[in-house]
Amino acid sequence: MKETKIRSIDGTEKDIPVLKEAGRIIRAGGLVVFPTETVYGIGANGLDADACRSIYTAKGRPSDNPLILTVPGKEEAKAAASYVPALAEKLMDIFWPGPLTLVLPRKAVVPDAATGGLDTVALRCPAHAGCRAFLRAAAVPVAGPSANLSGRPSPTTAAEAARDMGGRVDMILDGGACDVGVESTIVEVLEDEVVILRPGAVTEEMLAAVTPRVTVDKTLITGTGVPKAPGMKYRHYAPNAPMQVFVGRTEAVAAAIERETLRLRKDGGRVGYLVSTETANLLRTVDAPTFVWGRHGDKKELARNLYTGLLFFDTAPADYILAEGVAAGDIGTAVMNRMKKAAAGAVVDV
Ligand code: TXA
Ligand code: MG
């Protein structure tokens, strides 16, 4: 067990001593949990193989699943990539800082321990002022996967990160609740083509406005085969109980949830709900622990609250989670990608 210091940062000068200390911890091979605009990350010196390996231990993560390198800007990204096509540079100019991660050929300075032995490296520059100040204080690329135990929902507050990572890291930087709520879009950038490996807040449409050739990793669409982002193959984002997701108009979702409630309760199962405000108002079932995760169809709000909603069932007494999904399109595509994994594929249109 490590002693974990928890320190708030607010983007003012008061942060300086805290960030200096966090930077020293990183350079000395330690672990620091840090905020980003998407979800909280667990950071280590991305050029130090031992430090990278300690991330895998802290998360209980399979070692073939590569880490993202988090950098404060374009120059630092270019220092880790052996080749940066003009298209990649353009994407950095347009979407950085922001929730877009670029997979590029790696330089030899990036250790195998960071890339899981791949010859590419994933690079991300977050749109969170406190995060970028931390990255500058670290002065090395920070290997930074999401700060959850492997397989669990990603944390979007420092308190949620502390639940999984308390005692496993040296410091947690509390920079407030994350704005986006689901992890960055990951793209592989080829000479004149962009392949989406994981959907996020930077959508296919936004990328298509920059380059005509945008494709989606086939395994994301079919749900079969080996995905190009190794992490996408694992059961992931899983809440503490099996989940079913219903997508449709509120009346149809509420009716489907009530039917399923009756069926599960007949065998003594305890159900819990993850639903929109509007659907919650239609449900007549009593005594089901309920997390209302936003207004029906408000995709941004639902994205922001998704993981806190899944983590609600860590303590709520439910054997089954009946959840309401959201339509695809915009960030809804990323939300449904995560929900489908969290529900082990149990998603139905009603
Ligand atoms: O928003 C985010 O990206 C968050 C915050 C903390 O920055 N980070 C994050 O990291 O989601 P992680 O490790 O939980 O997810 C990274 C994903 C994994 O699925 C991994 O397999 C994939 O990126 N990945 C990393 N390097 C890759 C590479 N060289 N090629 C393909 N996929 C890669
Ligand atoms: Mg993750």
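1. Two strands pair if DSSP finds at least two bridges between them. Strand β5, residues 100-105, passes that test with β6: five bridges join the two, and they run antiparallel. Val103 stands opposite Ala122 in β6. Note that this is a predicted model.

2. Next, the whole sheet. It is open and has eleven strands, with mixed pairing. The order is β1-β8-β2-β3-β7-β4-β6-β5-β9-β10-β11. At the edges are β1 (5-8) and β11 (214-216), and each of these pairs on one side only.

3. Now the ligand site. Ligand 1 sits in the second largest pocket.

4. Polar contacts deserve a look. The side chain of Thr38 has an N or O atom 2.7 Å from an oxygen atom of ligand 1. For the side chain of Ser146, the distance from an N or O atom to an oxygen atom of the ligand is 2.9 Å. Arg198 also places a polar side-chain atom 2.9 Å from an oxygen atom of ligand 1.

5. How much of ligand 1 does the protein cover? On its own, the ligand has 690 Å² of accessible area, and the protein covers 97% of that.

Key: Residues numbered from 1 in each chain as written. Chains lettered and ligands numbered in written order. Predicted model: local features only at pLDDT ≥ 70, side-chain atom pairs only at ≥ 80, totals over all residues. Heavy atoms only, no water. Polar contact = N/O pair within 3.5 Å; in protein donor to acceptor, adjacent residues only side chain to side chain. Areas by Shrake-Rupley, 256 points an atom, 1.4 Å probe, with all protein chains shown as cover. 1 Å grid on protein atoms, 1.4 Å probe; cavity = no way out; pocket = protein on both sides within 12 Å on 5 of 7 lines; lining within 4 Å. Sits in = over half its atoms within 2 Å of the grid points. Helix = DSSP H or I, 4+ residues; strand = E, 2+ residues; numbered from the N terminus.
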